[in-house]
Structure formats: structure tokens, C-alpha cells
Amino acid sequence: MSYHSRLTYSPLTLLKEPLTTMSKQLIDTFGRIHNNLRISVTDRCNLRCTYCMPEEVIFLDKGELLTFEEITRFVQVAVGLGIDKIRLTGGEPLMRRELPRLVEMIGGVSGIRDIGLTTNGILLAGQAQALYDAGLRRINVSLDTLDPDRFRQISRRDGLDKVLAGIFAAKKAGFHPIKINAVSIRHFTEPEVVPLARFAREHGLEMRFIEYMPIGADHWERDKVYFAHEIMEQLEQAIAPLVPVPDYDPRAPAMEFQYTDGGGRIGIIASVSRPFCLSCNRIRLTADGKLRNCLFALDEVDVKHLLRENAADETIADVIRQNVHVKWEGHEINTSRFIKPLRTMHAIGG
Ligand code: SAM
């Protein structure tokens with residue numbers, strides 16, 4: 001099924017006004033306002049997490065990647081449409097040379113109020129201070145286990161010591177918050193839940209569990225997802241009761257809880273058991289300049305040629321508006337209609 005066919009009943013499609021004059025905001029036919037842009041800066045990665053990507057990969061040529069200037073130009077146009085929150089990701093974003101320079105360039109765009117980074121942490125120890133000095137404050141480090149052998153099994157590479165050094169370097173540099181992302185897979189990462197949560201509590205980090213999604217190179221089955229309520233039960237039994245945080249935002253992807261003993265907070269991204277599509281406010285720009293209105297989108301729009309041909313701001317803005325306008329209702333992971341995108345997570349930008 002083409003995703004356009006899922007939009008048939010949307011009331012806003014009946015509006016007669018042309019898209020260009022409709023709104024300064026990026027609003028789709030379900031009324032969702034988009035202010036959040038995830039930018040992948042490379043598809044390369046120094047790990048090979050089994051749930052994310054295959055061992056053998058043909059990466060993009062350097063010339064196919066958007067330059068920092070092109071990315072910044074895109075951000076400038078997107079800010080005019082209400083984008084004010086950016087997350088840099090990949091692939092592994094710290095493999096892109098001079099990333100702090102990009103942070104500085106994006107931070108200099110008037111209207112950007114928040115920049116975050118998602119990294120596997122392998123190269124973080126050497127870059128944390130430079131990233132902080134460039135203006136980055138929020139960082140998410142992906143870490144699925146504290147056991148070196150399990151780390152190798154999950155990521156097909158060594159490097160747990162480097163990731164831990166990266167987390168401590170980020171703490172030392174002053175990053176706050178530092179969130180630790182772990183993918184939640186039944187039997188696989190299930191035994192890691194409590195040790196990771198304890199580690200996060202001990203070091204003042206926020207642990208976040210992400211339900212395993214059908215977006216990697218491996219064979220996904222719903223039964224393999226270790227669900228949000230099971231994670232909660234495990235944590236409450238082993239550590240302490242959890243209650244929703246007072247500033248709980250029901251529209252945010254992560255459901256956030258705090259321990260009743262004052263030992264910090266955790267987040268759970270329940271993309272499978274509790275999809276948050278109806279409050280989605282995100283668009284994505286891939287490293288090779290494709291605009292996607294959903295992680296699971298089956299179509300994407302090329303904006304690289306517009307940026308390279310120096311197209312007018314309004315032309316680029318129209319493409320962004322149109323891409324948001326045709327956004328589907330949701331990913332439908334839980335239905336037989338779900339179609340897995342051709343690109344895996346590393347090539348889209350997680
Ligand atoms: N390399 C960086 C990192 O590891 O954080 C950024 C890119 S990575 C694709 C972003 C996030 O996506 C990571 O936290 C990773 O664990 C998560 N991820 C990858 N494949 C996933 C899957 N199949 N289900 C849920 N999360 C996944």
C-alpha cells in the first residue's frame with residue numbers, strides 16, 4: 001500500500017488553499033505540528049549491532065554526504081517553518097570529521113533552541129570536551145550491556161571500555177542530561193535491564209529502554225520485543241517502585257518515570273506496545289540528503305539536489321511542507337499492513 005492512500009479521510013486534505021500559503025508551521029493532515037529534526041551526518045558506524053545493521057555494508061561515498069554548509073542551509077530553511085529542536089545522529093555521528101564545527105554552525109542558526117546527539121560512545125572520550133565547547137549540552141549514549149563479552153556479541157565489536165570512558169568524559173565535560181539508550185530484546189538484552197539501571201542510578205545518568213523495532217537487518221518478530229510493562233515490573237521488583245515524573249509529557253516519545261526512593265528517573269520508548277505516532281513531531285534528514293517524514297517511511301524526498309543547485313529558500317521550504325503534509329497516520333508495526341522500509345536504521349539515522 002502506498003502511504004498516500006492512508007490519508008484519504010483526513011479533513012485537512014479538503015482545504016482549498018495552496019500549501020505554500022497555508023501555514024508557517026509544519027503541520028500535517030492529522031494536525032501534528034513538527035518542530036523536531038533528526039539529522040544523520042554519516043551512515044558509517046564503528047559497531048555492527050545485530051538489531052541495527054548487517055556486518056557487510058556498502059557505505060555512501062564521501063561526495064554523497066551533505067556538507068556541513070548544506071546541512072546548515074537546510075536547518076536555516078527549516079527554522080523558518082518552526083523547527084527549533086535538532087538531534088544529530090547516524091550511523092555513528094562521531095565518525096564524521098569535525099563534528100563540533102557542525103554543532104557550532106547549527107547552534108548559530110537563530111531560532112534553534114536545542115541540539116542533542118545520539119552516539120554509541122566509542123569515540124566520545126576524545127571528543128566530549130570539544131563538543132561541549134561547541135555548544136552541545138544533551139547527549140544520548142547507546143549501551144546495551146555492561147559485560148564485555150555480551151557487548152561483543154551484540155555489537156560484533158569490542159569497545160565497552162571505550163564507551164564507559166566516553167560516558168565519564170561527557171560527565172566531566174558537563175553534559176546534562178546524559179541518557180543511556182538500551183534496546184529491549186527478549187532473552188537477549190533482558191538480563192541487562194537491572195544492571196544497566198543500577199549503573200545509571202549510581203552515576204546520575206538517565207536510563208532509557210527502547211522497545212526493539214523492525215528496522216534492522218535481522219529478522220524481527222513481535223515475540224522478540226521485551227515490552228515496556230515487563231521492563232517496569234523487573235525494575236520495580238529489583239530496585240524500587242516507579243511513578244510518572246511530575247513534568248510528564250504525554251506527547252514525548254519516552255514515557256518517563258522516577259524511582260520513589262529518589263534514585264533518579266528512567267524513560268521507556270514503547271514504539272511497539274504504545275506507539276506515539278499521533279503525537280509525532282519529527283522529520284528526518286538522511287546523510288545523503290533525503291527527507292523522511294517517519295522512521296518507517298517507504299518514500300523519501302531528495303533535497304540534496306536542491307541544496308547543491310542553490311534552489312531558493314521557498315522552493316526547499318515547499319518540499320519540506322509537502323513532505324510533512326503527506327505524512328501517514330502511523331507506522332502500523334502492530335498490523336499485517338506493516339511494510340519494513342528498505343533502508344536499515346544505520347542508513348536512515350536512528
Ligand atoms: N550510532 C549511534 C548510536 O549508536 O547511538 C546513533 C545511531 S543508532 C541507529 C541510534 C539508536 O537506534 C541507538 O540507540 C540504537 O540502539 C537504536 N536502534 C538501532 N536499531 C534499533 C532497533 N531495531 N530497535 C530499536 N532501536 C534501535
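1. Isoleucine 86, leaving aside its neighbours within four places in sequence, is in contact (heavy atoms within 4.5 Å) with Leu37, Ile39, Val75, Ile106, Ile112, Asp114, Ile115 and Gly116. This is a predicted model, in which local features need pLDDT of at least 70 and side-chain atom pairs count only at pLDDT 80 or more, while totals for chains, interfaces and linings use all residues. Residues are numbered from 1 along each chain as its sequence is written, and side-chain values use heavy atoms, with hydrogens and water left out.

2. Helix H2 covers residues 68–79, where helices are DSSP runs of H or I with at least four residues, numbered from the N terminus. Because 10 of its 12 residues are buried, H2 is largely enclosed by the rest of the structure; buried means under 20% relative accessible area, with a 1.4 Å probe and protein chains only. Among the buried residues of H2 are Phe68, Glu70 and Arg73.

3. A polar side-chain atom of serine 142 lies 2.5 Å from a ligand oxygen atom, whereas for tyrosine 51 a polar backbone atom is 3.0 Å from a ligand nitrogen atom.

Conventions:
Helices (H or I, at least four residues) and strands (E, at least two) are DSSP runs, numbered from the N terminus. The expected span of a helix is 1.5 Å times one less than its number of residues. Buried means under 20% relative accessible area, exposed over 50%, partly exposed in between (1.4 Å probe, protein chains only). A polar contact is a pair of N or O atoms within 3.5 Å; within protein, one must be able to donate a hydrogen and the other to accept it, and residues adjacent in sequence count only if both atoms are side-chain atoms.
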